[in-house]
Amino acid sequence: MSFFSNLKHRLEVPEDENGARTTNLLNRDIIPLPPNRRTWTDWDFVGFWAVINLSVFTWQTCSSLLSLGLSVWESMVIVIISKALIFAVALSHGWGGGVWHVGYPIYGRFSFGIFGSYLAVGQRIVLAIVWYAVQSFTGAMMLTICLSSIFPSFNTLHNTFPDSLPMTLKQFIGFIIYHVLSIPFLYIPPEKLKHPFRFVSIISFVTIFGVSIGCMVKADGAGSLLRSSGVSMSSADRGMAWMHGINTMFNSIAVGLANQPDFSRFVQRPGQQVKGQGFSILILGTVVPLFGLLGTSAAAEVYGDVVELNLWNPPNILDQWLIESYTSRTRAAAFFAAFGFFVSTLGLNTIDNAISGGIDLASMAPKWITVRRGAYMIMIVSIAMNPWQIVAKASVFLAVLGSYGCFLGPMIGVMTCDYYFVRHQKLKLTDLYKADKSSIYWFYKGFNWRGFVAWICGFTPGITGFPSVNPNLTGVPTACIKMFYISFIIGYPIGFLVHLALNKLFPPPGLGEVDEYDYYHSFTEKEALKLGMAPSSELDRVSTDDPINIPYDEKSLG
C-alpha cells in the first residue's frame with residue numbers, strides 16, 4: 001500500500017464495534033441511534049438546558065430589554081412570555097428527534113432535500129465556529145481572573161503586547177489554558193456528557209446566585225437600576241418595543257433552538273425531555289435574568305455607572321472586586337466566582353457550539369468526520385478567527401450574528417411544518433441516507449424547492465431591515481427596520497404556512513411511507529411496531545439476496 005493510500009485509509013472513519021462501515025452519507029454518529037446510546041432522561045435534560053440558562057449570557061438578558069426603553073417589570077414580563085414561547089418551539093422542533101432518534105442535519109434532508117440540507121447545515125457550522133470563538137475568549141477572561149486571584153505577581157503582570165492588539169498578555173495566557181482544558185471535554189461522546197453536565201449545572205447555579213446575592217449584600221439592597229421606569233413613548237411604540245423584546249429573546253437562543261433534534265435523539269423514550277426542558281426553560285430561564293438584573297443593579301450602586309464599566313458582564317464585576325480590595329477574602333471570592341463562570345462557559349460552549357457543530361460536520365462528510373473530530377475542527381478554526389479581534393472591534397459583525405434568528409426562525413418553521421403537517425410524523429429512514437432517485441427525499445436533483453421557497457418567503461420581510469445593524473448605514477426605511485425587529489416571530493409562521501400551502505398544492509412523493517423493517521437496529525420491538533415497521537430481530541428471516549430490501553445489516557451502514 002502506497003503512502004497516500006495508507007494515509008487515506010487511516011483518515012477514514014473506522015468501522016464501529018459491530019464492524020459497520022461508513023459511506024459518504026452516513027456513519028454511526030448520524031444514523032438513528034440504537035437503544036444503547038439513548039441514555040438521557042428527564043433529569044439529564046434539566047442539566048442540558050441548565051447549562052444554557054445558568055450562563056453569563058442569560059445573566060445579561062435584561063440589559064438588551066432595558067436598552068429598548070422598557071421598565072424593569074416590563075422586561076421581566078417579556079422574559080416570562082418569551083420563555084413560554086421558546087419552550088413551545090423547542091419542544092415541537094425537537095420532538096421528532098426523540099421519536100426517530102435523528103438530528104438536525106437529517107431534519108434538513110427531509111425538509112430541504114439530501115443535498116439541499118447542506119445549506120441548513122452549513123449556516124449552523126459557521127455560527128458554531130464564531131460563537132465558539134467568542135465564548136472561548138469569555139472563558140479565557142474568567143481564567144485570567146482566577147489566576148489574578150491566586151497569584152499577586154500574575155495580577156500585576158506587565159503587558160508586553162502592543163497597544164494595537166486588543167488583548168493583554170494575561171488574557172492570552174488564559175486563552176491558551178482555556179483551550180487546553182477544553183480538549184478532554186470535546187473527547188466525551190455526546191450521550192455521556194450528561195454526567196459532567198450535572199456538576200456543571202450545580203456549580204453554575206451556586207455561582208450565578210452567589211454573585212448576585214453577594215453584590216446585593218455589599219450594596220445593602222438591589223440598587224437604583226431596579227427602579228428604572230423606562231422611557232416615555234406612545235402606545236404603538238411601546239407595543240413595538242415589546243415585540244422587539246420578544247424577538248430579541250428568540251434571537252439570543254436561536255442557534256440553541258435549531259439544535260434541539262441533535263440532543264432529543266438521545267432520550268430513552270419520546271417525551272422524557274419535556275419535564276427537564278420545562279423546568280430549565282420556564283423556571284431557570286426566568287429566574288436567572290432577574291438575579292442578573294439584581295446583581296448588576298447592586299454592583300452599579302457600589303462601583304459606578306453600568307454602561308461605562310459594562311457591569312452587565314459578570315467578569316467586569318469580578319474585576320471591580322479585585323481593583324477595590326485585593327485582600328485574601330476578596331481574592332477567594334473572585335476566584336470561586338470566576339471559576340464557576342468559567343465552568344458554565346465551558347459547558348455551554350461544548351454543548352451548544354462544539355458538539356452541535358461537530359454533528360453538522362459529521363453529516364457533511366461522514367466518511368471522514370465523526371462528531372468528535374468535528375468538535376475539534378470547530379475549536380481549531382475558531383482559534384484562527386482571532387476572537388479577541390471579534391470581541392473588541394467587530395461589533396457590527398456580532399450584531400449580525402445576534403440577529404441571525406431572521407434566517408433560523410423560518411428554517412425551524414419549515415422543518416416543524418414538514419415533520420408534523422406534511423409527513424404526519426412518518427419518516428422512511430433508509431431513504432434519508434440515499435443520494436439518488438430511489439430516495440423519496442431526492443425531490444429535484446437532491447433539492448426540495450418547496451422548502452427553499454418557504455424559507456425565502458419567511459426571511460424576506462426581516463432581511464429588508466438587516467442593514468440597520470450597522471449604525472453607519474443610514475436611510476433604511478423605518479418600516480423595514482420594524483420588520484427586522486420582529487423577524488423571528490414573523491419569519492417562523494410565514495415559513496411554516498407557506499411550506500404547508502406549497503405541499504398541499506404540490507405534494508411530494510412518498511408521504512406516509514416508513515421502512516418495512518428496522519434496518520438500523522434503532523428501536524426496541526415495541527417502538528418499531530408502534531412506528532409501523534417490523535423489529536430488527538425479524539431481519540434474519542428476510543433473504544439478503546436483494547440489496548434494495550436489505551439496505552442495512554450488521555456489517556454495513558449503506
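Which side chains meet in a salt bridge at 3.6 Å, N to O? The legends below take up this pair and several other sites in a predicted model.

**View 1. A salt bridge between Lys428 and Glu513.** The side chains of Lys428 and Glu513 are the ones that meet in this salt bridge, with a distance of 3.6 Å from N to O.

View 2. Arg238 forms a salt bridge with Glu74, and the closest N and O atoms of the two residues are 2.8 Å apart. Here too the pair links distant parts of the chain, for Arg238 sits in helix H11 (residues 235-252) and Glu74 in helix H5, at a separation of 164 residues. Glu74 counts as buried because its relative accessibility is 5%, which falls under the 20% cut-off. Ser75 has its place in helix H5 as well, and with a relative accessibility of 1% this serine also counts as buried. The C-alpha atom of Ser75 is separated by 9.5 Å from that of Ile246, although the two residues are 171 residues apart along the chain.

**View 3. A network of salt bridges that includes Arg28 and Asp29.** Four residues, Arg28, Asp29, Arg37 and Glu191, are linked in a network of salt bridges. Within this group, the side chains of Asp29 and Arg28 meet in a salt bridge with an N to O distance of 4.0 Å. For the model, the count of salt bridges comes to 14.

**View 4. The crossing of helices H7 and H9.** Two packed helices are described by the angle between their axes and the distance between the axes. For helix H7 (residues 117-150) and helix H9 (residues 169-187), the axes come within 7 Å and cross at roughly 115°. At that angle H7 is roughly perpendicular to H9, and the crossing in which H7 passes H9 is right-handed.

**View 5. The crossing of helices H5 and H14.** The axes of helix H5 (residues 72-100) and helix H14 (residues 273-303) come within 10 Å, and they cross at roughly 155°. Because this angle is over 145 degrees, H5 and H14 count as roughly antiparallel to each other. H5 passes H14 in a crossing that is right-handed.

**View 6. Helix H6 and the glycine that follows.** Helix H6 (residues 104-112) is mostly covered, with nine of its nine residues buried. The buried residues of H6 are Tyr104, Pro105, Ile106, Tyr107, Gly108, Arg109, Phe110, Ser111 and Phe112. Just after H6 comes Gly113, which takes a positive phi of about 100°.

View 7. Most residues other than glycine have a negative phi. Asn386 is not a glycine, yet it has a positive phi of about 55°. Asn386 lies in the loop between helix H18 (371-384) and helix H19 (387-393), and at 33% relative accessibility this asparagine counts as partly exposed. Phe443, which is not a glycine either, has a positive phi of about 55°. Phe443 lies in the loop between H21 and H22, and it is buried, with a relative accessible area of 18%.

**View 8. A nonpolar patch on the surface.** Trp449, Val453, Leu505 and Phe506 form a nonpolar patch on the surface, and together they have about 390 Å² of accessible area. Leu505, one of these residues, is found in helix H24 (residues 487-505). The relative accessible area of Leu505 is 62%, so this leucine is exposed, being over the 50% cut-off.

Definitions and conventions:
Residues are numbered from 1 along each chain as its sequence is written. This is a predicted model: local features need pLDDT of at least 70, side-chain atom pairs count only at pLDDT 80 or more; totals for chains, interfaces and linings use all residues. Side-chain values use heavy atoms; hydrogens and water are left out. Patches are made of residues with over 30% relative accessible area and no salt bridge: like charges are joined within 9 Å, nonpolar side chains (Val, Leu, Ile, Met, Phe, Trp, Tyr) within 5 Å. Accessible areas come from the Shrake-Rupley method with a 1.4 Å probe; for residues, only the protein chains shown count as cover. Helices (H or I, at least four residues) and strands (E, at least two) are DSSP runs, numbered from the N terminus. Buried means under 20% relative accessible area, exposed over 50%, partly exposed in between (1.4 Å probe, protein chains only). Axes are lines fitted to C-alpha atoms, for helices over the stretch in contact, and angles run from 0 to 180 degrees between N-to-C directions. Angles under 35 degrees count as roughly parallel, over 145 as roughly antiparallel, 65 to 115 as roughly perpendicular and the rest as oblique. A crossing is left-handed if the near helix is turned anticlockwise from the far one by less than a right angle, and right-handed if clockwise.
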